[in-house]
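Student: Could you go through this model with me before I set anything up? I'd like to take the overall layout, then the ligands, then a couple of residues.

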Amino acid sequence: MPRVAPPDVDRVAAAQAAVAARRARAAVKQDIHDRKRSALEVAEAAWTGEHTAPEATLRVRELLTSMPGLGPTRVARVMEQLEIAESKRVGGLGIRQRRRLLEWLVAREHRGSTPEPARLVVLAGPTAVGKGTVSTYIRDNYPDVHLSVSATTRTARPGEVDGVHYFFVSDDEFDQLIESGQMLETATVHNSFRYGTPRPPIDAALAEGKSVLLEIDLQGARSVRRAMPEAVLVFLLPPTWEELVRRLIGRGTEDSVEQARRLETAKIELAAQDEFDYKVINSEVSRAAQEVVDLLS
Ligand SMILES: Nc1ncnc2c1ncn2[C@@H]1O[C@H](COP(=O)(O)OP(=O)(O)OP(=O)(O)O)[C@@H](O)[C@H]1O
Ligand SMILES: Nc1nc2c(ncn2[C@@H]2O[C@H](COP(=O)(O)O)[C@@H](O)[C@H]2O)c(=O)[nH]1
C-alpha cells in the first residue's frame, strides 16, 4: 500500500496565511478604488507607522494603480519620478521615499478637479509594428481620445472613410494645405505618397483641454518635436524582430521587393528609439493601446 505523507501542518498554515494576506490586500485596493479609503490616508498611516499589516505589504505600484484614473504606465512614470523601485512595498519605504510619496499624493489631492494640462502625444514606430492597429483600437474603444486625422495623397483602401481614417486629397490640395500654413508636419512616407497632420484641429482640441494622439512616421515625429517641443513622443516596438517580419509578410499588402526595402528602413527607425520619451511594446493590442492612452493624461 502506498504511504500517504502526513500533511505538513506548518506548510498548510503558511499557505492559509498567504491566502488571507492576499485577500486583505485585495480588500485594501478595492477600498481605495471605491474611494472608501484614500491612497493618501494609507501613505499618511505609513508615515506615522500606523498602517495596517495588509497596507504595509501592499506594493506602492498596487497602491497607486488602485487609484481611479491612474493606469500602469502612468504609475510607472510616477514611481520613476519618486525614485521608488517597482517592487517596493508600502511598509518597506525609506523615510525620503515616504515623504516624496506623501507630497505627491497631497499635491494630487489639492489639484482636486483641476484637470492636468492637455498633451500632444505622438505614436511612431517601424513599418508593420502595429501603429495603425493600435490607433484603430484606441479610436474604437476610447471615444474620449482625440485622434488626429491626417491628410494623404494616397487613395482610400476598402473600408476607409474620408474624414475618419484620413482626408484623402489630391497633390494640388495637399500643396494648398501646406501653402496656407495649415500643416503641423508633412512627409513623403515609404517613398510613395505624402502624408501630413492638419494643425487647426489640434490647436482647437488642446485649447479645449483635450489631449490629442497623432499616429505618424518617424520623420513626422521629429518634425513635431521641433515645432512643439512639449509633445510626448512614444515609440511602438515589436516584441521581437522576427515578429515584425512576420507581421509585415502576414499583412500581405506589399510585394517582396517592397517588404525588403521597408525592413531595411525599419532597422534604421529602430535605431532611433532612444530619441523617444517612452517605448511601448506591442505584444497584445489592447494592452499596448491602454499604455498609450495612459500617457495622454
Ligand atoms: N499586437 C499584435 N499582435 C499580432 N499582430 C498584430 C499586432 N498588432 C498589429 N498586428 C498585425 O500586424 C500587421 C501590421 O499592423 P499595422 O498595419 O497596424 O502596422 P503599421 O505600424 O500601421 O504599419 P505601416 O507603418 O506599414 O502602415 C497587421 O496585419 C496587424 O493585424
Ligand atoms: N509623417 C506622417 N506620417 C503619417 C501621417 N499619417 C500617417 N502616417 C504614416 O504613414 C504610414 C503609412 O500609413 P498607411 O495608413 O498608408 O499604411 C504609416 O507609417 C503612418 O504612421 C502623417 O500625418 N504624417
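This is a predicted model: local features need pLDDT of at least 70, side-chain atom pairs count only at pLDDT 80 or more; totals for chains, interfaces and linings use all residues.

Student: How many Å separate the centres of domain 1 and domain 2?

Tutor: The centres of domain 1 and domain 2, taken over C-alpha atoms, are separated by 37 Å. Domain 1 covers 9-111 and domain 2 covers 120-294, with the bounds coming from an automatic or database domain assignment.

Student: OK, ligand 1: which residues come nearest?

Tutor: T127, K131, G132, T133 and R251 come nearest, out of 15 residues around ligand 1, where a residue counts as near if one of its heavy atoms lies within 4 Å of the molecule.

Student: Which polar side-chain atom lies 2.9 Å from a nitrogen atom of ligand 1?

Tutor: That atom belongs to N282. The side chain of R251 also places an N or O atom 2.9 Å from an oxygen atom of ligand 1, and a polar backbone atom of G132 is 2.8 Å from an oxygen atom of ligand 1. A polar contact here is a pair of N or O atoms within 3.5 Å; within protein, one must be able to donate a hydrogen and the other to accept it, and residues adjacent in sequence count only if both atoms are side-chain atoms.

Student: How much of ligand 1 does the protein bury?

Tutor: The protein buries 71% of the 640 Å² that ligand 1 exposes when taken alone, with areas from the Shrake-Rupley method and a 1.4 Å probe. Two or more residues of the shell come from each of α7 (131-141) and α11 (241-251), and α7 gives the largest share, 3 residues. Helices (H or I, at least four residues) and strands (E, at least two) are DSSP runs, numbered from the N terminus.

Student: Now ligand 2: which residues are the closest?

Tutor: The closest are S150, R154, Y166, Y195 and E215, among 15 residues that surround ligand 2. A polar side-chain atom of E185 lies 2.7 Å from a nitrogen atom of ligand 2, whereas G196 uses a backbone N or O atom, 3.1 Å from an oxygen atom of ligand 2.

Student: What percentage is buried there?

Tutor: Ligand 2 exposes 520 Å² when taken alone, and the protein buries 89% of that. The elements giving two or more residues to this shell are β5 (183-189) and β6 (193-198).

Student: Changing topic, why does Q259 count as buried?

Tutor: Q259 counts as buried because its relative accessibility is 12%; buried means under 20% relative accessible area, exposed over 50%, and partly exposed in between (1.4 Å probe, protein chains only). Q259 lies in helix α12 (residues 256-270), and its side chain reaches the backbone oxygen of E254 at 3.0 Å.

Student: And V28, what does that residue touch?

Tutor: Not counting residues up to four places away in sequence, V28 touches P54, E55 and L58, where contact means heavy atoms within 4.5 Å. V28 is found in helix α1 (residues 9-33) and counts as buried at 11% relative accessibility.

How values were computed. Residues are numbered from 1 along each chain as its sequence is written. Chains are lettered from A and ligands numbered from 1 in the order in which they are written. Side-chain values use heavy atoms; hydrogens and water are left out.
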